[in-house]
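Here is a briefing on one protein chain. Have the sequence and the 3D view open while reading.

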Amino acid sequence: MVKLRLRRTGKKKQPFYKIVVADSRASRTGKFIEAIGHYNPRANPMAIDVNESRLFVWLKHGAQPTDTVRSLLQRKGLWLKWGLMKKGADEAKIAADRCDAPMARPGNGAGRFRYCLAVARHAFVDCEPGQRH
């Protein structure tokens, strides 16, 4: 089975993770098929960068994310976007739903800012609660 999971890199006591597509039988730092992003928990705020097009290609092929990767995708808003894409929603519907969905922020529960997709630019922006693009 193909999994989306974290591969630890970085120095001792300074973790940095790559989000990789790997066979579930491979070790944590072993062989992987493709690196599709990275996650830096030490940055303030934490940095999560994912190649969306490659992520959705692998999800379409049946790759299963681990619980940790799924939670990172939820923070980024990509898991909601994937769920809406599976149901056949158009871009405007996806953008509207992403603005309305509360996203968790580290340390303070359902944080003050939420991420949404700007329809015109197709880029992530911070928006105030209740604001629509």
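The notes below go from the overall fold to the helices, then to loops and single residues.

This is a predicted model. The protein chain has four helices and seven strands. Of its 133 residues, 33% count as buried.

**Overall layout**

- From the N terminus on, the order of elements is β-β-β-β-α-β-α-α-α-β-β.
- Take the contacts in the protein chain between residues at least 6 apart in sequence: 33% of them join residues at least 24 apart.

**Helix H1**

- Helix H1 spans residues 52-60.
- Its buried residues are Leu55, Phe56, Trp58 and Leu59.
- These residues cover an arc of only 160° around the axis, so they sit on the same side of H1.
- After H1 comes Gly62, with a positive phi near 100°.

**Helix H2**

- Helix H2 runs over residues 67-76, and its buried residues are Val69, Leu72 and Leu73.
- Viewed down the axis of H2, the buried residues fall within an arc of 100°, so they line one face of the helix.
- Gly77 follows H2 and has a positive phi, near 90°.

**Helix H3**

- Helix H3 covers residues 78-86.
- Leu78, Lys81, Trp82 and Leu84 are buried in H3.
- Their arc around the axis is only 165°, which puts them on the same side of H3.
- H3 is followed by Gly88, whose phi is positive and near 90°.

**Where H1 meets H3**

- The axes of H1 and H3 come within 11 Å and cross at roughly 50°.
- The two helices are therefore oblique to each other.
- The crossing of H1 and H3 is right-handed.
- H1 contributes Glu52, Leu55, Phe56, Leu59 and Lys60 to the contact, and H3 contributes Leu78, Trp79, Lys81, Trp82 and Met85.
- By class, the residues of this contact are seven nonpolar, no polar and three charged.
- Leu55, Phe56 and Leu59 belong to the contact, and they are also among the buried residues of H1.
- On the H3 side, Leu78, Lys81 and Trp82 take part in the contact and are among the residues buried in H3.

- Met85 is found in helix H3.
- Is Met85 buried, partly exposed or exposed? Met85 is partly exposed, because its relative accessible area is 29%.
- Not counting residues up to four places away in sequence, Met85 touches Phe56, Lys60 and Ile94.
- Phe56 and Met85 are 29 residues apart along the chain, and their C-alpha atoms are separated by 9.3 Å.

**Backbone details in the loops**

- Asn44 and Pro45 are joined by a cis peptide bond, with omega about 0°.
- Pro45 lies in the loop between strand S3 (34-40) and strand S4 (47-50).
- Lys13 has a positive phi, near 65°, although this residue is not glycine.
- The loop that holds Lys13 runs between strand S1 (2-11) and strand S2 (14-23).
- Lys13 is exposed, with a relative accessible area of 68%.

- Arg7 lies in strand S1.
- Leaving aside residues up to four places away in sequence, Arg7 touches Phe16, Tyr17, Lys18, Val20, Arg28, Thr29, Gly30 and Phe32.
- The C-alpha atoms of Arg7 and Lys18 are separated by 5.1 Å, and the two residues are eleven apart along the chain.
- Thr29 has its place in the loop between S2 and S3.
- Thr29 is partly exposed, with a relative accessible area of 42%.
- Thr29 and Thr9 are 20 residues apart in sequence, and 8.1 Å apart in space from C-alpha to C-alpha.

Note on methods. Residues numbered from 1 in each chain as written. Predicted model: local features only at pLDDT ≥ 70, side-chain atom pairs only at ≥ 80, totals over all residues. Heavy atoms only, no water. Buried < 20%, exposed > 50% of the residue type's maximum accessible area, 1.4 Å probe, protein only. Arc of directions from axis to C-beta. Axes fitted to C-alpha atoms, helices over the stretch in contact; angles between N-to-C directions. Parallel < 35°, antiparallel > 145°, perpendicular 65-115°, else oblique. Left-handed = near helix turned anticlockwise from the far one by under 90°. Contact = heavy atoms within 4.5 Å. Nonpolar A, V, L, I, M, F, W, Y, C, P; charged D, E, K, R; others polar.
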